[in-house]
Amino acid sequence: MLSNKLQLFLCCILLSPLVLAAADGSQLWLRYDKVTAAEAGRRQIRSTSSGPVALMAKAELDDYWRGPAVELVIDKKKREYGEGYQIKWTGSGLQILAQQDRGLLYGAYHLLRLQGEGKDLRGVDLTEIPAYDIRILNHWDNLDGTIERGYAGRSLWKWLELPTQISPRYAAYARANASIGINAVVLNNVNASPDILRPDYLLKVKALADIFRPYGIQVYLSINFSSPKIIGGVKDSDPLNPDVSTWWKNKVKEIYRTIPDFGGFLVKANSEGQPGPQDYGRTHADGANMLADALKPYDGLVMWRAFVYNPTTEDRAKQAYQEFVPLDGKFSENVIIQIKNGPIDFQPREPFNPLFGALRKSSEMVEFQITQEYLGFSNHLVYLAPLFKETLDSDTYSDGKGSTIAKLTDGTLRPAKKTAISAVANIGEDTNWTGHHFAQANWYAFGRLAWDHQLSSEQIAEEWISLTFSREEQLVHAVKEIMMTSREAVVNYMMPLGLHHIFAFDHHYGPEPWGDRKGGRADWMPWYYHNADTVGMGFDRTASGSDAVSQYFPPLDEIYGDITSCPDSLLLWFHHVSWTHRMKSGRTMWEELCYRYDAGVQQVRELQKAWDRLEHQVDSQRFAAVQSKLKIQAKDAVWWKDACLLYFKTFARQPIPYDIERPVHELEDLKKIKLNLIHHN
Ligand code: BDP
């Protein structure tokens with residue numbers, strides 16, 4: 001005989017309706033209906049902790065949990081849990097056991113997720129421990145409300161209104177992050193205004209930190225290295241000038257007085273015109289350590305970015321490694337080197353950044369980009385979990401076979417005071433938060449992978465679809481197919497075979513392989529990357545070229561360095577390849593290029609068909625929004641294909657294979673397109 005409670009629980013779990021009300025996307029993956037007073041009366045949520053984060057966990061379950069009784073229990077002895085938790089079926093109800101209040105909160109969201117997915121929880125016993133200590137979003141938000149590389153409206157942070165006026169979206173934002181395990185945020189752009197450290201701004205930051213705290217979220221700030229000089233009245237910002245370090249110590253003290261759980265600083269220094277220690281003949285280590293010293297008494301961290309390059313004759317892809325490897329071992333314990341996934345810049349596909357694993361005595365963390373700067377902004381549907389996983393699962397061979405980037409950064413292979421993983425956010429003021437409804441999935445996927453990098457892209461997609469659209473099997477399957485195809489599609493129609501950075505100047509939307517600016521920096525010009533000539537195209541990074549391959553550990557240096565073993569997907573990244581080179585498919589390089597571009601266009605057309613078939617299974621509002629964005633994507637894919645093939649054809653001097661779709665544009669017309677997209681730098 002089932003107990004009454006169990007009957008109620010089963011009935012709720014099994015019969016809860018497949019909600020498909022019209023949706024504007026504002027609820028993200030948290031489309032839960034509040035329980036009624038009657039439902040709430042039938043079950044109890046109890047917590048042994050009364051800290052604000054534990055109370056938030058309890059409140060979330062009180063509001064949305066329709067199952068049996070839940071007990072939230074803290075066991076301080078379970079140190080190995082960190083921010084993790086155990087969820088256990090007790091026979092009549094459920095228990096969430098954690099070492100810290102944050103564990104209770106994450107456990108509560110896990111329960112709600114299982115409820116949303118319609119899972120049967122009888123007999124459940126699961127333990128989850130996060131892969132990384134710090135799971136952090138980087139906002140590139142400016143103090144004037146614009147967002148660098150933001151495509152979902154203006155900044156969420158209303159600096160002019162803060163700290164007096166509090167937007168309800170601050171809490172909604174924190175809740176969404178907490179629900180996927182994100183526990184830290186950098187509020188402002190890496191191209192940082194020094195003003196963020198002014199006392200009046202710190203009070204605004206405090207107001208946000210106070211809202212985020214019960215959701216288990218810590219605040220970090222990007223700093224401008226010249227702050228002592230610009231806002232502090234110090235003579236310079238030389239890290240070895242005692243007045244400068246004193247200024248930073250006092251500033252840090254002021255910050256912690258205002259925000260006691262402040263996380264630390266993110267720093268972009270000596271990159272793309274930003275100030276840094278090299279302005280004074282000092283090293284990145286000198287700069288990072290000076291800040292680390294100031295933060296140390298408070299357990300604060302410095303995330304020091306390795307995204308540095310200068311317009312020298314040296315291959316841009318090599319510069320971060322050259323700059324940082326000689327400094328290995330010189331960084332303080334509370335400095336983490338934050339490294340973009342690839343050696344250039346968030347391209348549709350890059351090899352992994354060779355700095356991973358090369359720093360043996362310094363902590364390393366990955367920086368991904370969720371916002372689609374190089375992936376069609378918020379117009380293109382591109383599911384990024386496969387890209388994130390491609391990096392995390394890459395074997396660097398730094399410590400022998402199996403030295404994946406995940407293991408190098410999560411504390412498995414290299415000890416670290418704190419492990420961390422970051423990504424540049426795609427969030428703005430838009431009602432649906434991310435511009436494209438499917439871009440929400442990339443925010444979601446980053447959080448889930450930061451928690452557990454062993455989850456597959458498919459698993460994450462299934463979860464997200466069930467929670468965001470519906471858990472109807474055929475729909476989940478169809479939408480998952482769309483998502484799983486989308487990353488390869490964008491690589492094909494934008495930059496197949498290892499091509500990179502042939503975007504339109506500055507704003508990076510659309511193709512401009514012919515792009516050139518008299519007197520402009522060579523490393524910002526497409527020709528610098530594609531090197532097309534009458535012989536072939538691609539960037540020779542072998543020993544006969546820039547020798548960037550030698551920055552990879554054996555056997556990768558040889559695999560990438562040899563044109564016969566280099567994977568097709570990275571061929572033009574590492575080699576200058578003749579147009580007539582025979583590819584593994586038996587086609588010439590030129591033919592293969594044509595087929596890939598064409599395949600990309602066809603893949604997008606298939607995505608459109610697959611989406612249109614779902615017209616009656618998805619609410620009309622989101623259906624129409626995604627449908628119209630897919631039209632833009634389909635047109636853009638043709639634009640990319642025609643622009644690149646017609647342009648490269650002038651070098652290859654061969655026809656586009658006759659069995660693929662013909663171009664529909666004239667090259668001269670495409671060259672005239674000048675989008676008026678403002679890039680706020
Ligand atoms: C590039 C962006 C630029 C950023 C820079 C960075 O184009 O806007 O400031 O990266 O990461 O991707 O610092």
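User: In which loop is the place of Asp547?
Analyst: This is a predicted model, in which local features need pLDDT of at least 70 and side-chain atom pairs count only at pLDDT 80 or more, while totals for chains, interfaces and linings use all residues. Residues are numbered from 1 along each chain as its sequence is written, and side-chain values use heavy atoms, with hydrogens and water left out. Helices (H or I, at least four residues) and strands (E, at least two) are DSSP runs, numbered from the N terminus. Strand S14 covers 536-537 and helix H17 covers 556-561, and Asp547 has its place in the loop between S14 and H17.

User: Is Asp547 buried, partly exposed or exposed?
Analyst: Asp547 is not a glycine, yet its phi is positive, near 65°. Buried means under 20% relative accessible area and exposed over 50%, with partly exposed in between (1.4 Å probe, protein chains only). Because its relative accessibility is 26%, Asp547 counts as partly exposed.

User: Between which domains does the largest pocket lie?
Analyst: A pocket is an open set of points on a 1 Å grid over the protein atoms alone, where a 1.4 Å probe fits, with protein on both sides within 12 Å along at least five of seven lines, and lining residues have an atom within 4 Å of a point. The largest pocket is lined by 26 residues, and those nearest its centre are Glu83, Asp133, Ile134, Asn183 and Lys418. Strands S6 (134-138) and S8 (218-223) each supply at least two residues of this lining. Domain bounds come from an automatic or database domain assignment, and because both domains give residues to the lining, the pocket lies between domain 1 (4-128) and domain 2 (134-455).

User: How far apart are the end C-alpha atoms of helix H20?
Analyst: The expected span of a helix is 1.5 Å times one less than its number of residues. Helix H20 (residues 620-652) has 33 residues and should therefore span 48 Å. In agreement with this, its end C-alpha atoms are apart by 47 Å.

User: Which residue follows H20, and what is its phi?
Analyst: The helix ends at residue 652. The residue that follows H20 is Arg653, and its phi is positive, near 50°.
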